Amino acid sequence: MKMFILKASCFDRFLKGNLLKTVTAAILIREGRILIARRRAGTHQEFKWEFPGGKVEVGETPEECLKREIKEELQIEVRIGAFLWESIYHYSQDSIRLLAYETFWESGEMVPTVHEAIEWVSVEDMKDYDFAPADIPFVRKLIERKTESNGECLKKESKLKPIYLDYNATTPIDPQVAGAMLPFIHEHFGNPSSSHVFGTKAKSAVERARKQIAEVLHCTPDEFIFTSGGSESNNYAIKGVARAYLGKGNHIITSSVEHPAVTEVCRYLEGLGYEVTYLPVDSYGRVNLQELEEAITPKTILITVMHANNEVGTIEPIREISLIAHRHGILVHTDAAQSIGKIPVHVDDLGVDLLSVAGHKLYAPKGIGGLFIRSGVRLEKLIHGANHERNMRAGTENVIEIVGLGEAFQMVGENSQSYREHLQKMRDLLETRLKGEFADIRINGHPEMRLPNTSSVSFKGVGANVILAGMRNVAASAGAACHSEGVQVSSVLKAMGIPLEYAMGTIRFSVGRFTTAEEIDRAMEDISSAVRDCARQA
């Protein structure tokens, strides 16, 4: 048997200036009766109400009865997650519920919401709730039964984990990657520059990782250097070319949908006198090759366009861009942080001269990345010091994380097709469910040339930040933020020309290696409920 607590979480992060109060009560459903036990502590004492006996009517489920009782007594509508009720009744028709009601007042209107988060309740917790004396033995019996042989299993199952659908933001370290790193935390701690056995062991690990990465990228090991991450790699590639080839020209071409790690570098160089062209994109987020070629001048030294967009997943025509650029003697850089591990990324096929890598996007640690530099390409150093990384990037190598990055690449090389198939299966399942639930959504990005894990979904007429706040069990990212001053839409959605009524409600869902169909099913309950609540309040 189970007792569930549903906790409230503050919404004041987006309800500026609104009075927020919380009411918490234990709901005991027993033999068709709804019993209420108010929490004694804190601000809950100021809220006093009584429900009638609460007999479930003919043809009415306990859930429907509970909703009706609450509506009649408190004049508020509530929603209760189906997955929670299913998990309760899977074990018993008798159950204990604890509901948390949040109410806030805005312009004289009282707007209630119900927040759901499951937690186990112990016998000791009973003292905090005002159960009727006649019900206490029954309640105690339910709680104490958790210590039976299967009690710990039920306890574990009752705590449903939040669902992570934000893999484009960062990924967890894969257990296999963590296992490869572990010996270099405690045992093989030497400095790779040292000539003794501790140093040579570390140096060997660094070079092994470099080979693992080169095999996946289809480059030679000496064409890849390690950095602190994608941002440093982008900075080094763009600034390094700009300074090294200044004698040839000072013009750079990029797109209007780049990551800030590229656009901010370009803005910085503009302040130093460089000229930058920001190419427009079509409604899918792809650059137009004709417009790119028309933007080339005799002073153009670099074209930098991302391989795949982090927000909508659109894949850019990098191979075609490289062919155009090289006809004009121009270098090409691409930020491949989002694409590696999701689609094939081979520098010989793409034809690029520079390619950036970010470890935490492919199940390696944060704080590690790299840069492919085609043999013969000159870069002015970004970080000065000793002659590490072929005298191209100073600083003692981060052996632990370099090992992790190498292992992550090897896993991609060995499992790329199965990873890609799983990602697309999960993404398509999510999109199919969303389209079946909401008729007026739009999926952003190219319908075919898109990352297999990324789904940028626009819900018409609602705010993305409000949707996210309402999704208590799903982690995703917003494509727009609504403030009192107005709606701030991402530069990517603006460049794509997404109508404001859709752009303001854009959520990026990105599935990953560990996403399951069961998680998609649970996520849909949360997403659907949050969007419908927002639509009612809009």
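**Strands β9 and β10**

I looked up strand β9 (residues 300–304) and found three bridges joining β9 to β10, the two running parallel. I count strands as paired if DSSP finds at least two bridges between them. Helices (H or I, at least four residues) and strands (E, at least two) are DSSP runs, numbered from the N terminus. Leu 302 sits opposite Leu 331 in β10. I then followed the chain from β9 through helix α11 (residues 318–327) to β10, and this β-α-β crossover is right-handed. Right-handed here says that, with the strands pointing away from the viewer, the path from the first strand over the helix to the second runs clockwise.

The model is predicted: local features need pLDDT of at least 70, side-chain atom pairs count only at pLDDT 80 or more, and totals for chains, interfaces and linings use all residues. Residues are numbered from 1 along each chain as its sequence is written, and side-chain values use heavy atoms, with hydrogens and water left out.

**How enclosed is β10?**

Five of the five residues of β10 (residues 331–335) are buried, so the strand is largely enclosed by the rest of the structure. I use buried for under 20% relative accessible area, exposed for over 50%, and partly exposed for in between (1.4 Å probe, protein chains only). Leu 331, His 333 and Asp 335 point one way from β10, while Val 332 and Thr 334 point the other way. On to the next partner: β10 pairs with β11 in the parallel sense over three bridges. Thr 334 stands opposite Leu 355 in β11.

**The whole sheet**

I traced an open sheet of seven strands, in the order β6-β12-β11-β10-β9-β7-β8, with mixed pairing. β6 (224–227) and β8 (275–279) stand at the edges with a single partner strand each, so one side of each lacks a neighbour in the sheet. The twist averages 20° from one strand to the next. For this angle, axes are lines fitted to C-alpha atoms, for helices over the stretch in contact, and angles run from 0 to 180 degrees between N-to-C directions. Strand β7 (residues 251–255) pairs with β9 in the parallel sense over four bridges. Thr 254 stands opposite Thr 304 in β9.

**Salt bridges**

I took a salt bridge as a side-chain nitrogen of Lys or Arg within 4 Å of a carboxyl oxygen of Asp or Glu. The count comes to 15.

Asp 353 and Arg 374 meet in one, at 3.9 Å, N to O. This pair links distant parts of the chain, 21 residues apart: Asp 353 lies in the loop between α12 (347–350) and β11 (354–358), and Arg 374 in the loop between β12 (369–373) and α13 (388–391). Asp 353 is buried at 6% relative accessible area, whereas Arg 374 is partly exposed at 26%.

Lys 203 forms a salt bridge with Glu 207, with the closest N and O atoms 3.5 Å apart. Why are Lys 203 and Glu 207 separated by about one helical turn? Because they are four residues apart in helix α7. Lys 203, Glu 207, Arg 210 and Glu 389 are linked in a network of salt bridges.

Arg 427 and Asp 428 also form a salt bridge, at 3.1 Å between the closest N and O atoms. Arg 427 is buried at 6% relative accessibility; Asp 428 is partly exposed at 29%.

**Phe 189**

Last, I checked Phe 189, in the loop between α6 (183–186) and α7 (197–217). Phe 189 is exposed, with a relative accessible area of 57%.
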